[in-house]
Amino acid sequence: MRVAVLNAQVPFVRGGAEQLADGLVAALRGAGHEVEYVRLPFRWHPDERILDHMLAARLLHLPDADLVIGLKFPAYLVPHPNKVLWVLHQHRQAYDLWGTPWQGISASAEGRAVRDAIRAADDRCLADAQRVFTISGRVAERMRQFNGVSPEVLYPALLDGGYHGGPDGDYLFYPSRINVLKRQVLAVEAMRHVRSDVRLVLAGDADTPEDRVRLTEMLAEPQLARRVQWLDGWIPHERKVELMAGALACLFIPFDEDYGYVTVESFTSAKAVVTCTDSGGPLEFVTDGQTGVVSEPSAEGLAEAIDRFATDRAATRRMGDAALVRLDELGISWPAVIDRLIAP
């Protein structure tokens, strides 16, 4: 079958969405399909630029494809008579982030018109799709709330292998893009209050100059410089596997995450995870006291959770082992994903 995979791509930005798309393309090819990976550039500033990208997607036609799989806005707006949506997330600034500090779109009459156009286009797209899936229950919940549809949840598997357990070290590992929604600044702030001698290791590139400056300024403080290490930029996969295997546990505290590969990577490495009550997708995996710790999103609460891991290493190891069992029970795999997406 000829399959076109549609994704939006912010130039020079790479994260979990790109990792997922790469995995899907590789799995489809491995299953014997002819695959074209179609990436549409996307920028959302100024507001009216969003409408340009939506129009560009609507004007793109792929008549030679037997099946189109749409992943992200606005790429999933490309019309096709046999289109399946596997939604990573919608343009959240027009939905759940509207009215928050991360709204992004102007609250002016023009901005509201852009928001309404996004929602109307999504409603038409969802109605036209043959089937609709989401990568997590959290994304599905938003879609039910705002669009009135109930998609099937289909968890993505990891692209890269090699994750494994290892001796528990003296640090918590947090690999992710550095930005306000991932909340690395909150993680660093928590280290001011940690009483045990455990460290924090961050790995990831800053999304914006502002993100870089804020984190750099914090880590210039002697107290934090001793306790936090930032591996600036994207580290090789082998290094990431090594750091995950050697960690005491992993920290993943984003605000209302869609899915979060870090949780799955941690569980695959038999490592427990600290996350927050408002972290979204990770809460579908992390059960407080069983496969990790769920903290309030405060520096003091996170410090208490980190100290809990450091002071009772036997319990931390048991939670890590339980995390690996939990992942096995879920049966997440690329063959399972392909079976559902390609099913007639």
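Axes, in what follows, are lines fitted to C-alpha atoms, for helices over the stretch in contact, and the angles between their N-to-C directions run from 0 to 180 degrees. The structure described here is a predicted model.

Two packed helices are described by the angle between their axes and the distance between the axes. In this model, helix 9 (residues 261–268) and helix 11 (residues 313–330) have axes that come within 7 Å and cross at roughly 110 degrees. Helix 9 contributes Val264, Phe267 and Thr268 to the contact, while helix 11 contributes Ala323, Leu324, Arg326 and Leu327. Sorted by class, the residues of this contact are 5 nonpolar, 1 polar and 1 charged.

Helix 2 (residues 47–59) may be considered next. Its buried residues are Asp47, Ile50, His53, Met54 and Ala57. Seen down the axis of helix 2, these buried residues fall within an arc of 105 degrees, so they line one face of the helix. The face turned away from that buried side carries the exposed residues Leu55 and Leu59. The partners against which the buried residues of helix 2 pack are strand 2 (34–41) and helix 3 (109–128).

The largest nonpolar core comprises 116 residues, of which Leu24, Trp86, Leu172 and Leu200 touch the most other members. Leu172 illustrates such a position. Setting aside residues up to four places away in sequence, Leu172 touches Val198, Arg199, Leu200, Val201, Leu248, Ala249, Cys250, Leu251, Val274, Ile306 and Phe309.

Buried residues are also found in loops. Gln93 is placed in the loop between strand 4 (83–89) and helix 3. Its relative accessible area is 16%, and buried means under 20%; Gln93 is therefore buried. Residues up to four places away in sequence aside, Gln93 touches Trp98, Trp102, Gln103, Gly104 and Ile105.

Ile178 has a relative accessibility of 4% and so counts as buried. Beyond its neighbours within four places in sequence, Ile178 is in contact with Gln184, Gly204, Asp205, Ala206, Asp207, Asp211, Leu215 and Trp230. From C-alpha to C-alpha, Ile178 and Val5 are 27 Å apart in space, and in sequence they are 173 residues apart.

Note on methods
Residues numbered from 1 in each chain as written. Predicted model: local features only at pLDDT ≥ 70, side-chain atom pairs only at ≥ 80, totals over all residues. Heavy atoms only, no water. Core = buried A, V, L, I, M, F, W, Y, C linked by side-chain atoms within 4.5 Å. Buried < 20%, exposed > 50% of the residue type's maximum accessible area, 1.4 Å probe, protein only. Contact = heavy atoms within 4.5 Å. Helix = DSSP H or I, 4+ residues; strand = E, 2+ residues; numbered from the N terminus. Nonpolar A, V, L, I, M, F, W, Y, C, P; charged D, E, K, R; others polar. Arc of directions from axis to C-beta.
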